[in-house]
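Hello,

Here is the structure I said I would hand over. My notes on it follow below the files.

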Amino acid sequence: MHVRTDPADDVTLMPFEQAGLKYRNPFIVGSGPTSKTIAQLVDAERCGWGGSSIKLVIDPAPYINKEPRYRWYPKERFHIFTSEKRLNLEEGLRLMEGGRKHTKEIILMANITYSGPDAEGWVALSRKFEAAGAHALELNVCCPNMSFNLDIAAEDGTTRPCSGASLGQHPEAVAHITREVMKGVKIPVYVKLTGEGGSAPKVAKPTLETGCAGVGNGGTRLGVPPIDLYNLKKNLYGLQDELSMGCYSGPWMRALALRDVYEIRRTIGPDGCIIGFGGVHDWQSAAEMFMVGADMIGICTQTMIQGFGFLPHLIRNLKRYMQEMGFKDHHAMRDLLVREIVTADKVTIRDGLAIIDEEACIGCTKCELPAHCYAIEMKPRDAAQLAKAKAEGRKLSKMVAVLEGADCCSCNTCIDVCPVPGTITLGKGDYHKDKYNSPLVASELDKRCGYAEPGAPEAVATFEPSGGKIAAKLGLPGTFTSDELTDAPKVAYVTNAGTDVAQGCAVPGDD
Ligand SMILES: Cc1cc2nc3c(=O)[nH]c(=O)nc-3n(C[C@H](O)[C@H](O)[C@H](O)COP(=O)(O)O)c2cc1C
Ligand code: SF4
Ligand code: SF4
């Protein structure tokens, strides 16, 4: 196998012990296509990984097992697949034996699912992997691409063995299986839960109460794939005929995965090991995962895209950050965000307004567009300002964004749509508040469009160009464009006649 990176060196060492196992560092190759051959396990060890969970072994057959079809969308940063090859019992056992024989330091876990109804089957399967040399077991109740996939679209009402993410919805069943397996083997037992159905926290608690080595927050999430709207039968994979629900993974799912780990940690408290899976691809996402409560981190998608060799770089940067912040090891980061993240009712909202740096504004109009905000208007720049800039050899746009109204609720959106970072900031103050406080001041009205409900008791406001006062009167229902309004000056639509509702259209230039 071609290894594209330097083998691991001391940089990957972040040693710790968990459940009696000595890990070189807390990074595990998540069970999947990059842990299904001996060569991959050897390669992962060379690149410094702390552990690898071998590709799912399902027993007994039959189960869904087809050649893989994958797609990676770099822009949207997700990976998707439906079709995937699993290992049968024999393949899994040979892989574990061979992996143990050809590696020295990497911790090897057996990712297993028993697809029958009884816990005894789980125990028998577990014992076989213990005998094959597995350092640990990882009970898979996470995969959404087995019975869970079938159940979602099932029309036939067929009953089938409940496995993967379907089984992972049932706290008592998962805890029972875990307990039975633990009685049957001596090696540590981890349980990989599912994020589907929001079930991970409520399953994690009874599962960890069995005394198992730890839980993982979940695997991939099932979703509708990208669709070709001009050819609905077409799917995104080469050499696959039908459309199919896809298993999503990779950086897009980071927010959901962090939430799952956070919620599990809040539910179980400080004790109990969590392996955080989902979207980790760099040192920042790794640090966040620790901070929401993970003890270890599982990564799959990034190894599919980049190979195993990005780990030393990730760890080097993570260590640099930890040193800067004074964290003596990765445990020191654990739960830091769990303590910080408050519930919605406890959020403190401070007063303030958007402040636009007129000199930096390039007049692009983007901040004027958000439909939830009528507070910004484009205005011709002050002539003196233009002249001064010209004399200094600086170029300024002819139009500039101006915060016009008391409508600003400091929501942040204009900051994010502005293409010139730093041009808009939020600041404290009464800035413009008094000037624009009156609901009947023309400049508070949006001049981009006007709309009158058909058949409603329409009202049209007129106002004087100088004073900006509006008087409501009946007439002129309909939709107005700003051009029409320019052609029909001094007329603007307001929704409720005679009231002080500040909605409608003002005439450009009148304020
Ligand atoms: C193609 C593919 C196959 C996977 N197969 C398994 C598997 O056999 N067993 C398992 O527990 N998780 C499996 N996973 C889930 C990953 O181990 C991991 O939990 C998930 O993809 C989220 O992490 P990531 O964003 O780093 O990929 C698979 C993921 C992918 C993308
Ligand atoms: S902060 Fe929000 S409300 Fe205020 S001007 Fe910007 S987009 Fe409008
Ligand atoms: S988005 Fe930024 S640059 Fe564009 S008009 Fe608004 S403030 Fe100026």
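Strand β11 pairs with β12 (residues 246–249) over three bridges, in the antiparallel sense. One bridge joins R221 to Y248 of β12. Please keep in mind that this is a predicted model.

These two strands belong to an open sheet of four, ordered β5-β6-β12-β11, with antiparallel pairing. Its edges are β5 (70–73) and β11 (221–223), each of which pairs on one side only. On average, and ignoring direction, neighbouring strands in this sheet are turned by 30° against each other.

Strand β7 (residues 107–114) runs parallel to β8 and is joined to it by four bridges, with A110 opposite L137. Between β7 and β8 the chain passes through helix α3 (residues 119–131), and this β-α-β crossover is right-handed. β8 also pairs with β9 (residues 189–192), again in the parallel sense and over four bridges; here N140 stands opposite K192.

Then there is the ligand. Which residues come nearest to ligand 1? Of the 29 around it, they are G30, G32, L56, S249 and T301. The elements giving two or more residues to this shell are β4 (51–59), β6 (78–81), β14 (296–299) and α10 (301–306). By class, the shell has 15 polar, 11 nonpolar and three charged residues.

Regards

Terms used: Residues are numbered from 1 along each chain as its sequence is written. Chains are lettered from A and ligands numbered from 1 in the order in which they are written. This is a predicted model: local features need pLDDT of at least 70, side-chain atom pairs count only at pLDDT 80 or more; totals for chains, interfaces and linings use all residues. A residue is near a molecule or strand if its C-beta atom, placed from the backbone, lies within 6 Å of it. Ala, Val, Leu, Ile, Met, Phe, Trp, Tyr, Cys and Pro count as nonpolar, Asp, Glu, Lys and Arg as charged, and the others, Gly among them, as polar. Two strands pair if DSSP finds at least two bridges between them. Axes are lines fitted to C-alpha atoms, for helices over the stretch in contact, and angles run from 0 to 180 degrees between N-to-C directions. A crossover is right-handed if, with the strands pointing away from the viewer, the path from the first strand over the helix to the second runs clockwise.
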